[in-house]
Amino acid sequence: MAAGPSDGIVDAMPSKDTMSGKSVDIRAMALFLAVAFLAAGALGALQPVTGIPGEVIQLTQFGPALGVGLAAVLWPGRVREALAGSGPGRGGQGVLLLVTAPLIIALSAGAYAVLTGDARSTRPDAPFLLIAVAQLIGACGEEIGWRCFLQPLLRTRFGPLAASVAVGVAWSVWHVQVFAQHPLYAGAFMVAAVSMSVVMGWALEGARASRLPLAAGFHALINLGMLLFMDEESGAVLPMVLFGASCLAAAGLWTWTSAGRPRTAGTAPAKIPPIMDDVR
């Protein structure tokens, strides 16, 4: 019998094929995380050599994509299945996700202006169009790993909220440089990362081909908004705390409106089918 709670493990007594798939998933997730972390560190060290400004794009963003690429070499069928998603999406969720990003920035920047009397607006050194395109590409490099690969793998075992929180924790820890900042700054960043992961998890539940452009679009809009209207890159604590609080509010609203919604076809955790073409 299947377990009752929607956020629990799907099968109380998994079959041999399911157990084999689970073993592949664990190895694929472990490999992905190892490569994502190590490659991000190497790419971050390489960035000064390239001369590419950090405000345009961070090379570390391609660490997760490299992790997915290596996993695809070893387990091509499982990676294709994860990237393809499962089931039909729910109408309107993608638009709401993209609208949520500027609302988070507006709430953060507005609160900062009220508390400090300083309505910040930064003019980037590089052309804005170049930054916008590069930020979208960099966001794709991240989100193909976090929301298009790791999230679907975890989603086969857990409900949308639990899977999103787990991905958010990994995503926040992956930004290891943040932990060199003030503890309150680092804590607020972790809250923001987990909260944004929850927002994307609910919005992308059941999405298929649109998963990557929607996740990357949301991510890029957040990055651009922070670049233009916030001062968190300086290490200032208040902007990051306000950003974390705004993301938490958005996650709470998404959870409140989505958690009780009836499941549609394809949104339940699915059993892993036998994997015939993957390395064991």
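A salt bridge is a side-chain nitrogen of Lys or Arg within 4 Å of a carboxyl oxygen of Asp or Glu. The structure is a predicted model, in which local features need pLDDT of at least 70, side-chain atom pairs count only at pLDDT 80 or more, and totals for chains, interfaces and linings use all residues. Residues are numbered from 1 along each chain as its sequence is written, and side-chain values use heavy atoms, without hydrogens and water.

Four salt bridges were counted. Asp25 and Arg78 form one through their side chains, at 2.7 Å from N to O. This pair joins distant parts of the chain: Asp25 lies in helix α1 (residues 16–50) and Arg78 in helix α3, 53 residues apart. Helices here are DSSP runs (H or I, at least four residues), numbered from the N terminus.

Helix α3 (residues 76–84) packs on helix α5 (residues 128–155). The angle is about 105° and the axes are 8 Å apart. Axes are lines fitted to C-alpha atoms over the stretch in contact, and angles run from 0 to 180 degrees between N-to-C directions. α3 is therefore roughly perpendicular to α5 (65 to 115 degrees). In this contact (heavy atoms within 4.5 Å), Arg78, Val79, Ala82 and Leu83 of α3 meet Ile144, Cys148, Phe149, Pro152 and Leu153 of α5. Eight of the contact residues are nonpolar, none is polar and one is charged. Ala, Val, Leu, Ile, Met, Phe, Trp, Tyr, Cys and Pro count as nonpolar, Asp, Glu, Lys and Arg as charged, and the others, Gly among them, as polar.

Helix α2 (residues 63–74) also packs on α5, at about 60° with axes 6 Å apart. Pro64, Ala65, Val68 and Ala71 of α2 meet α5 residues including Gly141, Glu142 and Trp146.

Definitions and conventions
Helix = DSSP H or I, 4+ residues; strand = E, 2+ residues; numbered from the N terminus. Parallel < 35°, antiparallel > 145°, perpendicular 65-115°, else oblique.
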